[in-house]
Structures are given as structure tokens and as C-alpha cells.
Amino acid sequence: MRKLWIFLLLAMVACAPKAHETVGKPIGDNLMRYARNIAVYEKDYGYRVDVICPWDTTLSLGSYAFVKDTTKPVGQEVTGILKVPVSAVVSFSATQWAVFLRLGEIDRVKGILEGRFVTDSAMLSLLAQGKVYDIGTESAADIERMIQLKPDALLYSPYFDGNQGGLNVVGAVQFPFADYLENTPLGRAEWIRVVGMLAGCEDKADAWFNEIETRYNALAGLCAKVEHRPTVFSDLAFNGQWYVAGGKSYMAKLFADAGADYIWKDNPSSGSVPMDAETILAKAQHAEYWRVVNSQPTAMTYATLAKENPVYPLFDAYKNRKIIVCDILPTGYFEQSQCEPDLLLADFIHFFHPELLTGEWAGYQPKYYHWME
């Protein structure tokens with residue numbers, strides 16, 4: 001279990017796209033304001049949706065027509081045409097079906113991958129009732145079941161060396177849902193709007209994202225001019241290597257917006273960077289805070305960390321009891337956090353600058369992170 005979740009975490013960072021400036025407004029006719037792996041253009045028939053290759057932004061993963069008015073011609077060569085709202089989709093990631101769920105459009109989701117790792121009670125109930133089917137894993141998906149579900153679209157997670165050719169027999173439009181490859185919190189969250197387009201509830205999705213945007217930017221504004229930015233580093237060793245988030249990554253952006261000084265902020269990478277323990281210790285030994293994630297069903301403690309690796313107790317953050325931990329299973333981190341960057345940011349501000357959380361944030365209790373015991 002732990003190795004799988006660590007792999008997923010590494011994938012979310014290692015496959016991150018090249019850094020882009022976050023502008024907070026549409027670029028030209030593109031309706032997206034923060035997401036940089038997708039461009040959406042309003043057309044007479046609905047929307048043209050271009051998914052940009054995260055590993056080479058001069059290339060495309062496909063151009064799709066989301067058709068609301070079938071009387072209007074698409075008028076261009078596209079990778080796939082989807083009549084929206086879609087009636088049935090198969091979702092390859094919790095970051096997709098969780099949005100359908102919160103928009104009240106979960107009836108459109110007929111199948112999901114990795115049902116054994118679901119923690120959301122509503123989705124667990126749907127799986128138990130047979131209203132949503134678990135179609136296995138990405139490497140061993142139940143193709144026959146997918147064919148039976150007759151989905152309009154397969155919302156898959158693109159990988160650098162991935163090959164989706166085996167899904168062609170399903171007969172559905174394969175749409176690359178590259179949300180997890182965005183390297184800013186608001187960029188990832190803005191894919192809420194894409195689900196809104198697929199489900200035919202754009203206004204509801206836009207209103208939800210606009211609220212997230214307002215709250216996130218207000219919180220980041222509180223920390224913009226803090227005088228003291230506490231130093232912080234992240235993650236644990238894995239198979240003899242320590243993979244740290246680059247200075248242009250999603251996590252680095254969260255730390256910066258929370259008023260912290262990320263140890264590797266000057267690293268030019270937006271992906272994960274492998275380092276040995278000696279390098280980590282030399283750079284991060286005196287950092288004030290340490291952020292980690294726990295994929296085990298049991299609590300991660302200072303005692304368990306010490307047993308796991310003799311290097312861990314050498315860090316000041318360990319000695320001073322300044323380790324911040326996220327228990328990903330009970331918090332539903334992978335299912336919810338991408339759509340709650342404002343709460344993730346508030347969590348970190350709670351630890352780094354609690355005095356700033358006043359007004360509507362007074363008395364805020366973190367949702368995803370807590371002090372390690």
C-alpha cells in the first residue's frame with residue numbers, strides 16, 4: 001500500500017510540466033485562466049478543447065470538440081467529438097470523479113479505476129450498489145466491462161511513456177485529463193471547469209472555481225509581505241533516493257504562497273529531483289519545518305520515523321517537533337485536495353503564520369495536515 005501511494009505522489013511531481021507564469025486571466029480567446037495544459041475556446045457548436053503536451057508545450061495531446069449544438073458544424077479536424085453533456089464516462093482518476101460527485105453529476109460516471117483505494121463514503125456506497133463499477137487498474141483494466149458500460153468518454157491520465165492504444169476497442173473518445181500535471185494549485189483546480197463543460201453545468205462549476213480562486217488569492221495576499229519566512233523541506237527517502245519537489249513545482253508554489261522559504265526554491269525543475277541523503281542533510285538539516293505524507297493506515301510518529309531511517313532524527317525539524325504530516329487515507333487527500341487548494345494553503349498558513357488567520361479564518365483547524373505526534 002505504502003509503495004503504491006509513494007509512486008502516485010512521485011508521479012504527480014515527476015511528470016509535472018514546464019513552469020509557466022500564472023496570470024489569473026484568459027490568454028487571448030482561451031477561457032482558462034490558470035491551467036496551462038489545456039486551452040478552451042468558445043465556438044458556435046460549443047467548445048474546442050486543446051490539451052497541450054505537458055512535456056513539450058509545442059505539441060498537443062489532442063484537440064476535442066465539446067458539442068452542445070449539433071446543428072452547428074465543427075468545421076475542423078479534431079481528435080474526438082463529444083456531445084455534451086455526456087451521458088456516461090469512465091474516470092481513471094479520483095481527481096475527476098470527485099468533481100462530478102461534488103457537482104451533483106455523479107450519475108454520469110459509470111466506472112472508475114482503483115476502487116479498492118476509494119475512501120469517499122458516497123462513492124463507496126455507489127460501488128457497493130453497483131451504480132458505479134470498479135474496472136480494475138490502469139495496467140489491468142476490465143476492457144469487457146468498459147465496453148458494456150458504453151461510455152461516451154474515457155477520462156484517462158496521460159503519462160510521458162504511456163500508451164492508450166489498447167483502449168481503442170472500447171469505442172469511446174479518449175480524453176487526456178492532464179489536471180495532475182499542472183504545477184500551480186489554481187491551475188489544477190481550474191480543471192473543475194472542464195468537468196463542468198462535460199457535465200453541462202458550466203455555471204455551477206465556474207462559480208465553484210471562482211470562489212476557490214478568491215479565497216486562495218486572499219490567503220496568499222496575507223502572506224505576501226511577511227517579514228519572516230520559515231524554512232521548510234518536504235518528503236521522505238524512497239528506495240535509497242530522496243525525491244524533492246523542484247523550485248517550480250506545485251508544492252513549491254504552495255509553500256511560497258503560505259509565506260515559507262522552501263529549501264529548494266531556486267531549483268529550476270518543476271518535477272521531482274532525486275538526491276542522496278547526504279545532500280538532503282547538508283541542505284535541509286537546519287530547516288524549521290518538515291512536511292511529510294503518511295500512506296499507512298496507522299499513525300506516523302517520531303518513533304516510527306526513527307526506526308525507518310537513522311538519518312531522520314538528525315534534522316532540526318525532527319528534534320524540535322516541527323514535522324507536519326498528512327494522513328492521506330482518512331483525509332481523502334487524493335480525492336479532494338486538488339479541488340481545495342484554498343484549504344491546503346490555509347493548512348500551511350496555520351503552521352507557518354497562525355497569527356494571520358483572522359476574520360473568517362479565525363480558529364481555523366487544518367483539514368489535511370497535523371503536527372506529528
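In what order do the five strands of the open sheet stand? Before I answer, a word on where the values come from.

This is a predicted model, in which local features need pLDDT of at least 70 and side-chain atom pairs count only at pLDDT 80 or more, while totals for chains, interfaces and linings use all residues. Residues are numbered from 1 along each chain as its sequence is written, and side-chain values use heavy atoms, with hydrogens and water left out.

The order in that open sheet is β7-β6-β5-β8-β9, with parallel pairing, where two strands pair if DSSP finds at least two bridges between them. At its edges stand β7 (133–134) and β9 (173–176), each of which pairs on one side only. Strand β5, residues 89–91, runs parallel to strand β8, residues 153–156, and three bridges join them; there V90 stands opposite L154 in β8.

Turning to the whole protein chain, we have 14 helices and 17 strands, taken as DSSP runs numbered from the N terminus, with helices being H or I of at least four residues and strands being E of at least two. The radius of gyration is 21 Å, close to the 21 Å that the globule rule gives for 373 residues, so the chain is as compact as a globular protein of that length; the radius is taken over C-alpha atoms, and the rule is 2.2 Å times the number of residues to the power 0.38. Along its principal axes, the C-alpha trace spans about 65 × 40 × 40 Å.

Finally, among contacts (heavy atoms within 4.5 Å) between residues at least 6 apart in sequence, 59% join residues at least 24 apart.
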